[in-house]
Amino acid sequence: MDHPDADHRETLERLEAYFLNITRKGLALRSGDIDVLKDWQKRGVPEDVVRRGVAEGVRRFLATAEPAAPLPAVLRYYRTFVETEFATWRRAVEQGRIVAVAASPLPGTGAAPANLSGGLGAVAKAWLVDERDRATDDATRAVWAGAIERLSSVAASRSMVQALEDLDEEVLAGLLAAAAPEVRARVDQRVRDTIEDARRRGAGVDARTDLEAAERRAAATEECGYRNLLEAALEQARKGTAGRTA
């Protein structure tokens, strides 16, 4: 069996390579940046959460920086963005990461569907139903209806946090596909401009891939009213708790 320390080293090496791919400066991180990575690792910050946070930091920098300014080459610059992503992930885990097993399996699969009678899954489903009912056109309504159907069939053994993150990508793509052609054109142009800006400042391929996803989410939020499913569900859960205690 692999030693857990080996997994930790591999994760650290992957994140180090990822960050170096952003700035393409040097062959190794500064000792201070290594300390930041080790701190995240010690606290259990998932690798994909670190990447999303760093990508969001790059996106925010590009939106406000002078044209000739290089991308920040110190990992501490991105710490706030990673911590924000981690806080969302941690709240979701606290709401209930694994949903209870339902009484009967899905036909032909042997996998039990998620029981959405309580927990984060139930809150997410209620929010999706509200969005479906508020939709003003058939194409958008179909996106929300499809999301409800897929959420209802999530296997009970899956992490609801991961299920919502995966479903989030489908909803984002669906809302953009349902948007007017001119809206899609603006989003695509904005993403292309951001990626080209990052490329000019030296960002590598891996960094540009994550940045593209981050910029598309941001553009869809402004153009299509897109909301991150996990964050929306957590907000609804907080409102529900506040209502019960009021």
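Modeller: The structure holds one cavity of 30 Å³ or more. The model is a predicted one, in which local features need pLDDT of at least 70 and side-chain atom pairs count only at pLDDT 80 or more, while totals for chains, interfaces and linings use all residues. Residues are numbered from 1 along each chain as its sequence is written, and side-chain values use heavy atoms, with hydrogens and water left out.

Rolling a probe the size of a water molecule over the atoms shows where empty space is left. The search runs on a 1 Å grid over the protein atoms alone: a cavity is a set of points where a 1.4 Å probe fits but cannot get out, a pocket is an open set with protein on both sides within 12 Å along at least five of seven lines, and lining residues have an atom within 4 Å of a point. Grid points are joined across faces, edges and corners, and a volume is the space filled by probe spheres set on the points.

The largest cavity contains about 30 Å³ of space. Its lining consists of Leu-15, Tyr-18, Phe-19, Leu-37, Val-50, Val-54 and Leu-75. By class, that makes seven nonpolar residues, with no polar and no charged ones. Here Ala, Val, Leu, Ile, Met, Phe, Trp, Tyr, Cys and Pro count as nonpolar, Asp, Glu, Lys and Arg as charged, and the others, Gly among them, as polar. Helix 1 (4-23) and helix 3 each supply at least two residues of this lining, and helix 1 gives the most, with three. Helices (H or I, at least four residues) and strands (E, at least two) are DSSP runs, numbered from the N terminus. The chain has 10 helices and zero strands.

Ala-207 sits in helix 9. Ala-207 and Ile-22 are 185 residues apart in sequence, yet 5.4 Å apart in space, C-alpha to C-alpha. Ala-207 counts as buried because its relative accessibility is 9%. Buried means under 20% relative accessible area, exposed over 50%, and partly exposed in between (1.4 Å probe, protein chains only). Of the 246 residues of the chain, 43% count as buried.

Helix 9 has a part in the largest pocket as well: helix 3 (47-64), helix 4 (79-96), helix 7 (160-178), helix 9 (205-224) and helix 10 (229-245) each supply at least two residues of its lining. Helix 3 gives the most to this lining, with seven residues. The largest pocket holds about 810 Å³ of space. Its lining has 29 residues, of which Arg-52, Glu-85, Arg-217, Asn-228 and Glu-231 lie nearest the centre.
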